[in-house]
Amino acid sequence: MKRFRFPLQPVGVLRAHRELHAKERFAAAVQVFVQAEADLAATLARQHALELTLFASRKTTYRAAEAAQLLADYRRECTAEAAAERRGAAARVEIQKCREAYLEAHRNLEIVNRLEVKARATHRRATDREEQAEFDDRAGSRHLKPEFSSP
């Protein structure tokens with residue numbers, strides 16, 4: 001019985017390596033997206049707190065310097081919110097590209113894996129046939145041997 005050798009094994013190794021790198025890039029893109037969403041949430045929370053402070057300060061005596069400072073802080077947070085939304089949108093686009101690249105690499109690896117499974121099954125059937133033929137030959141040769149009996 002000869003040993004199984006899959007001729008596309010180097011291709012499988014290369015595709016597994018590519019799939020691993022695509023998976024790592026996808027994971028990194030997910031982390032960037034999660035961080036962008038967390039930054040946006042923090043910016044929105046600060047902006048909401050400033051809005052509450054601005055509305056609360058209108059109920060008391062008006063202090064121009066304090067109001068100007070609060071308004072400048074609020075505008076800065078609005079600018080930060082817009083930047084965080086842009087980063088989130090860019091991260092979302094990047095995550096989609098990385099997902100597609102990972103899925104493509106995974107499909108390519110699965111093709112090689114399926115070919116290997118089929119080749120192994122074919123090899124197993126061929127070796128089973130050879131083994132059965134050998135058993136049949138042995139059984140036939142034993143049956144055809146003349147039995148000498150001593151008197």
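Is Glu77 buried or exposed, and what is its relative accessible area? Glu77 is buried, at 13% relative accessible area; buried means under 20%, exposed over 50%, and partly exposed in between, with a 1.4 Å probe and protein chains only.

Before going on, some ground rules. This is a predicted model, where local features need pLDDT of at least 70 and side-chain atom pairs count only at pLDDT 80 or more, while totals for chains, interfaces and linings use all residues. Residues are numbered from 1 along each chain as its sequence is written, and side-chain values use heavy atoms, with hydrogens and water left out.

I start with helix H1, residues 9-57. Helices here are DSSP runs (H or I, at least four residues), numbered from the N terminus. The 49 residues of H1 should span 72 Å, and the end C-alpha atoms are 72 Å apart, so the two values agree. The expected span is 1.5 Å times one less than the number of residues. The buried residues of H1 include Gly12, Glu19, Ala36 and Leu50. They pack against helix H2, residues 64-144, where contact means heavy atoms within 4.5 Å.

Back to Glu77. Its side chain forms a salt bridge with that of Arg46, at 3.1 Å, N to O. A salt bridge is a side-chain nitrogen of Lys or Arg within 4 Å of a carboxyl oxygen of Asp or Glu. Glu77 lies in H2 and Arg46 in H1, so the pair ties together parts that are 31 residues apart in sequence. Arg46 counts as partly exposed, at 40% relative accessibility.

The whole structure has seven salt bridges. Another one joins Arg120 and Glu116, at 3.2 Å, N to O. These two are four residues apart in H2, which means a separation of about one helical turn. Glu116 counts as buried at 16%, whereas Arg120 is partly exposed at 39%.

Next, the aromatic rings. There are two aromatic pairs. Rings of Phe, Tyr and Trp (its six-membered ring) pair if their centres lie within 6.5 Å; planes under 30 degrees apart count as stacked, over 60 as edge-to-face, and the rest as tilted. Phe4 and Phe6 have ring centres 6.4 Å apart and planes at 15°, so they are stacked. Phe26 and Tyr102 are also stacked, because their centres are 6.4 Å apart and their planes are at 10°. Phe26 is in H1 and Tyr102 in H2, so this pair ties together parts 76 residues apart in sequence. Tyr102 is buried, with a relative accessible area of 17%.
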